[in-house]
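Thanks for asking me to look this over with you. Please keep the 3D view open as you read, and find each residue as it comes up.

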Amino acid sequence: MIPPLQANLQARFKDQHRAYEPLSDSDKNDQTIKSEILKRFQEISKAKVIQLSDNDKKLRPIGVGMQTIFEQTLLKLMEERSVTRVMVLFHTKTPATPLVTPENTAPPEAMSKQMQGDSARAKTISDRTVTVRNLAKSDPEKVTLYIAYPKSGMQIRDTNQQATYHKELAKEQNKCLKDLPLSHGSMPDNLVGASYIMTGTDADKDSQPLYFGLRAVQAIDGSAKKLTWTFWLGELNSAEIQPHYQEVKSYLQSGTATDLKLP
């Protein structure tokens, strides 16, 4: 049986998906990307974990497109008060791309050279500069947004990107936003991605939080080689979710003295 929050999430995802525009180089490609996003989200809703393998040019508009629509959906669920608590964790090698990039932009320095000039992949950056900032401005009683990265990862970002990130951290309106530099020297490739942990309004003491997560590659590291990204969606204690979640949790907790209050 699908948990009520997940059923609601799936319905609202379809609503947000209808309005989504990939803005690739042709209407045909746009429709292909949109079709793949919905297809893959429906797959993960049933299977709890899926893998997508392709080169970055084909994979990123689908994978990050799905993440963007998910974030739009999550914001909608919070607006409707279908979600009471959300923990968002971006665990990446450098501070998260959307927050080192000015809102509604996708400058060349935000992406790899192979990505530059690709409108569909650029759109994945500019879209999420909006959704992530909207998450950062949410009610801090309901939302916590951690930007986790090895401390040395800050230096990989140029001075303008660092300034943009620190500006976001300093904004009073971004009450949910928490900087989490980690003591680790590096981050394993298999942990690069994001985790979203959600509790529904109808949750009781026996309910499990709902987890949506992805293992991916940051835009600055996008290349022409074949990649495999993984996506998870399901109750936090499910067998498909637990191995990955526990690995992420252990890595984050061992890299900071901060009590992250992870479930």
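The points below start with the sheet and then turn to the aromatic rings.

1. Before anything else, please remember that this is a predicted model. Everything below describes that model.

2. Seven strands form an open sheet, and their order is 1-7-6-5-2-3-4, with mixed pairing. At the edges you will find strand 1 (49-55) and strand 4, each of which pairs on one side only. From one strand to the next, the twist averages 15 degrees. If pairing is new to you, here is the background: strands of a sheet pair through backbone hydrogen bonds, either parallel or antiparallel.

3. Strand 2 runs parallel to strand 3, and six bridges join the two. In this pairing M87 stands opposite T144 of strand 3. With strand 5 (residues 193-200), strand 2 pairs in the antiparallel sense over eight bridges. There, V88 has Y196 of strand 5 as its bridge partner.

4. Strand 3 (residues 143-150) deserves a careful look. Is strand 3 mostly covered or mostly open? It is mostly covered, for eight of its eight residues are buried. In a regular strand the side chains alternate between the two faces of the sheet. Here both faces of strand 3 are covered: V143, L145, I147 and Y149 are buried on one side, and T144, Y146, A148 and P150 are buried on the other.

5. Follow the chain onward from strand 3. Strand 3 also pairs with strand 4 (residues 177-182), in the parallel sense and over six bridges. L145 has L177 of strand 4 as its bridge partner. Together with helix 6 (residues 159-170), strands 3 and 4 make a right-handed β-α-β unit.

6. Next come the aromatic rings. A pair of aromatic rings is described by the distance of the centres and the angle of the planes. How many aromatic pairs does the structure hold? There are seven. One of them is F13 with F41, a stacked pair at 3.7 Å centre to centre, with 5 degrees between the planes. This pair links distant parts of the chain, as F13 is in helix 1 (residues 4-19) and F41 is in helix 2 (residues 27-47), 28 residues apart. F13 has a relative accessible area of 0%, so it is buried. F41 is buried too, with 2% relative accessibility.

7. Compare that with the rings of Y149 and Y165. Why is this pair called edge-to-face? Their centres are 6.3 Å apart and their planes are at 80 degrees, so the pair is edge-to-face. Because Y149 lies in strand 3 and Y165 in helix 6, the pair ties together parts that are 16 residues apart in sequence. Both Y149 and Y165 are buried.

8. Rings can also gather in groups. F70, F90, Y196 and F212 form one aromatic cluster. R128 lies over the face of F90, 5.3 Å from the ring centre.

9. Last, please find T73 in helix 3 (residues 56-79). T73 counts as buried because its relative accessibility is 0%. Which residues does T73 contact, leaving aside neighbours within four places in sequence? They are L9, R12, F13 and Q16. F13 is the ring that stacks with F41.

Notes: Residues numbered from 1 in each chain as written. Predicted model: local features only at pLDDT ≥ 70, side-chain atom pairs only at ≥ 80, totals over all residues. Heavy atoms only, no water. Buried < 20%, exposed > 50% of the residue type's maximum accessible area, 1.4 Å probe, protein only. Helix = DSSP H or I, 4+ residues; strand = E, 2+ residues; numbered from the N terminus. Pairing = 2+ DSSP bridges. Right-handed = clockwise from strand over helix to strand, strands pointing away. Phe/Tyr/Trp six-rings, centres within 6.5 Å; stacked < 30°, edge-to-face > 60°. Lys NZ or Arg CZ within 6 Å of the ring centre and 35° of its normal. Contact = heavy atoms within 4.5 Å. Axes fitted to C-alpha atoms, helices over the stretch in contact; angles between N-to-C directions.
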